[in-house]
Amino acid sequence: MEFAPRAARASVLLVDDDTSKLTALEAVLAPLGQNLVRAQSGREALRAVLADDFAVILLDVRMSGMDGFETAELIRQRERSERTPIIFVTAYGAGEANLERGYRLGAVDFIFAPVVPEILRTKVSVFVDLMLKTDEIRLQAERLRELERRELSRRLERAELGRLQAEARFASVLDFAADGIVALDGQRHVVLFNRGAEHIFGRTAAETIGQPIDVLLPDGVEEFLLPRDGDGEGVGRHDRHRHEVAAVRADGTPFPAEMTISEFPEGGHTITAVILRDISERRAAEAEVRRLNEDLNQRLSAGVDLVAHLAASLDPSEVLARLLVRVSAAVKADEGVLLRVDDRGGLSVAGRHAAEGAGNDQLGVLLHRQPLIRRAISERMPVVGGGLDLGPPAEGEQAPMSGVLHTAVLPLAVDGRVSAVLVLTRHRDDPFTAGDTEMLLLIGNVATVALRNAQLFDEAQQASITKSEFLRMAAHELRTPAGVLRGYLSMLRDGTLGSSPPGWERPLEVVDAKAGELTGLIDELLLAASMEGGTVPVHPEVFDLREAVGAALGRAEGRATLLGARIESDLAADPVLVEADSEHIGRILDNLVNNALTYSAGEPWLRLSVAEAPPRVAVDDHGVGVDPEQAERIFERFYRVNDPALGYPPGTGLGLYISRDLAGLAGGTLALEHSRPGEGSRFVLTLRAPARTPVEVARPAPVPAGRRRGGR
Ligand code: ADP
């Protein structure tokens with residue numbers, strides 16, 4: 001409402017039935033510059049107060065007709081003038097005037113005639129001022145109210161605008177959300193179906209709204225709603241869990257969906273909001289990842305398996321044959337062909353797997369012409385392609401590798417040269433994939449290592465065989481001259497050839513001892529050679545181990561005396577029976593005793609002890625000892641510890657090798673049980689007790705003198 005400011009003038013009502021008095025009053029009040037309204041009767045006054053608001057009413061008490069008091073009473077009854085100040089004008093003195101009645105009627109003052117103009121003006125001006133100020137205050141108040149009203153309506157407008165915008169935003173969020181958003185009423189009928197839902201379910205909102213939820217989720221939503229008591233407790237709570245549910249599209253195809261559900265009150269009802277996400281793609285991706293993982297696992301375990309299988313053989317041909325079978329299986333080939341590549345690049349078939357009509361000699365030549373194979377060889381990388389064109393079959397022959405639709409070629413290069421090629425074929429229309437190529441690459445790498453190992457081993461073995469063969473021959477050739485030498489020496493010493501010149505006795509003795517040493521070494525070499533050939537004769541018999549040890553001690557006596565060695569023995573009280581070749585056992589014991597004397601530190605000391613269950617001999621010494629790293633190596637063929645402190649005693653490095661082998665031939669073991677450099681060693685020979693009680697206990701056969709090592 002627009003507020004009309006009042007003119008800055010107040011109205012003053014002058015009531016008197018005497019016009020001359022009215023005029024006099026007007027004259028007195030004119031200087032106030034206010035609007036003076038005159039009324040000549042009570043009735044006129046009443047009309048005036050209905051029409052206007054007055055700052056003050058000057059009311060003559062004594063009027064004809066309705067007097068002042070009566071008029072005042074009626075004025076008070078009018079709502080508009082209920083509080084208008086009234087000043088009674090009377091000619092009576094204060095005593096006569098009915099002041100009390102006047103005041104009761106709401107008079108604010110009395111003015112007694114004759115009127116003193118100054119006083120009248122002052123009194124009236126007070127009320128005029130009051131009214132003008134009141135008006136002003138009201139005006140201000142109304143302005144304020146108006147401002148507040150405007151502010152309020154502005155706020156309301158803003159709020160309304162915000163609400164409309166939010167609604168629009170919400171609608172667009174609903175529509176552009178990728179998720180399907182569906183709202184259900186209390187009967188679980190669809191009341192809202194956004195675009196996302198339309199897209200997911202393949203149906204429009206128009207055809208879905210009003211339908212029961214079962215058309216979307218056949219199992220409904222009841223089981224996912226929060227439990228509630230009697231009157232809707234639980235409403236307004238949100239279930240934060242995601243549930244996987246079965247959903248169905250308009251065309252009837254089922255799909256997995258992820259659902260979150262919440263309920264909230266809306267105008268006395270409960271609305272159930274269901275948010276659905278189609279997770280069929282995610283599930284498919286997960287299944288694919290699982291499949292890939294399984295595939296990878298399979299490949300890996302196949303790879304590991306393959307490594308183990310290939311590495312188990314050290315024969316290059318065997319490695320390749322195994323490879324052919326394994327690779328064919330790994331890439332699901334219907335047929336596999338192994339080709340050898342010769343130094344000039346020629347191909348020959350070295351093996352076929354799962355081949356029908358194998359044995360086509362022409363195959364190598366035919367494959368040679370295949371560009372796919374040539375490419376694989378030159379690039380040294382697996383190559384895959386389609387079928388092979390091997391031309392028409394020869395007369396009466398089945399077409400080689402007929403029906404091949406897809407081919408994979410794996411070249412195998414060792415030391416930069418392709419020495420073999422695997423040609424893998426499929427007769428079904430199922431091309432080799434990138435995964436197959438990867439697999440071939442992996443297998444190729446493994447196979448190359450296995451092949452290289454096998455080749456190296458092969459070469460090493462060839463070298464070893466050549467070396468052994470050479471040694472055997474050399475030893476054999478040396479044996480006869482050494483025998484002749486010893487024969488003549490013996491004749492020189494025993495005077496068969498006449499008495500030797502004086503002073504020759506000692507040198508002849510030394511030469512004879514050295515010749516004996518030489519024969520021993522030759523013997524050792526020959527024995528080692530025949531052991532490798534597996535031609536060492538074994539004559540098992542049952543004998544008392546204590547006696548074998550006693551005999552060995554007897555044989556060592558001479559050398560021990562020469563070296564000033566101390567020998568102790570701890571032989572069991574009762575016979576310790578063993579079943580073995582006694583000559584072999586004598587040789588082992590001689591080796592152990594001689595080693596203890598040879599590898600001594602200072603004055604040699606050794607002790608032989610025999611124990612039973614199982615029958616065994618321990619040889620302890622206080623010698624130089626063996627470094628733990630060499631503990632096993634000293635049993636290797638020709639292995640000797642190069643210790644300058646020992647002054648390179650004569651020896652072949654064959655003693656322990658032969659001894660361990662002989663112990664093995666007797667079904668026993670020989671081990672360095674304990675050793676510490678600088679402190680000494682303990683070698684233990686463990687043998688087998690006879691299977692049954694022997695009828696006769698044989699004496700250990702004497703060991704040929706040539707076996708005994710002479711002094712240093
Ligand atoms: P050889 O004695 O001819 O060298 P062996 O096979 O008998 O050959 O011994 C191999 C190596 O083992 C010896 O060269 C020596 O270094 C070490 N060895 C053998 N027996 C002992 C021992 N009792 N104490 C310390 N070292 C030993």
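1. **Second largest pocket.** In this predicted model, 29 residues line the second largest pocket, and Y599, I634, R640, V641 and L656 lie nearest its centre. A pocket here is an open set of points on a 1 Å grid over the protein atoms alone, where a 1.4 Å probe fits, with protein on both sides within 12 Å along at least five of seven lines; lining residues have an atom within 4 Å of a point. The space amounts to about 550 Å³. That volume is the space filled by probe spheres set on the points, which are joined across faces, edges and corners.

2. **Lining.** The lining residues split into 15 nonpolar, 9 polar and 5 charged. Ala, Val, Leu, Ile, Met, Phe, Trp, Tyr, Cys and Pro count as nonpolar; Asp, Glu, Lys and Arg count as charged; the others, Gly among them, are polar. α15 (582-598), α16 (655-665) and β22 (680-686) each contribute at least two residues. Helices (H or I, at least four residues) and strands (E, at least two) are DSSP runs, numbered from the N terminus.

3. **Strands around β20.** β20 (residues 616-621) is largely enclosed by the rest of the structure, because 5 of its 6 residues are buried (under 20% relative accessible area, 1.4 Å probe, protein chains only). β19 (residues 605-611) pairs with β20 in the antiparallel sense over 6 bridges; pairing requires at least two DSSP bridges between two strands. β20 and β22 also run antiparallel, joined by 6 bridges. V617 in β20 stands opposite V610, and V617 also stands opposite L685 in β22. The β19-β20 hairpin has 4 residues between the strands, and A613 there takes a positive phi near 50 degrees.

4. **Parallel sheet.** An open sheet of 5 strands runs in the order β2-β1-β3-β4-β5, with parallel pairing. β2 (35-39) and β5 (107-112) are the edge strands, each pairing on one side only. Neighbouring strands are turned by 20 degrees against each other on average, direction ignored. β4 (residues 86-90) pairs with β5 over 5 bridges. I87 has D109 in β5 as its bridge partner.

5. **Helices on the sheet.** α2 (residues 42-51) packs on β1 (11-15), β2 and β3 (56-60), at about 165 degrees to β1. α3 (residues 68-77) lies across β3, β4 and β5, at about 170 degrees to β4. Contact means heavy atoms within 4.5 Å. Axes are lines fitted to C-alpha atoms, for helices over the stretch in contact, and angles run from 0 to 180 degrees between N-to-C directions.

6. **Basis.** Residues are numbered from 1 along each chain as its sequence is written, and side-chain values use heavy atoms, with hydrogens and water left out. Local features need pLDDT of at least 70 and side-chain atom pairs count only at pLDDT 80 or more, whereas totals for chains, interfaces and linings use all residues.

Conventions:
Buried < 20%, exposed > 50% of the residue type's maximum accessible area, 1.4 Å probe, protein only.
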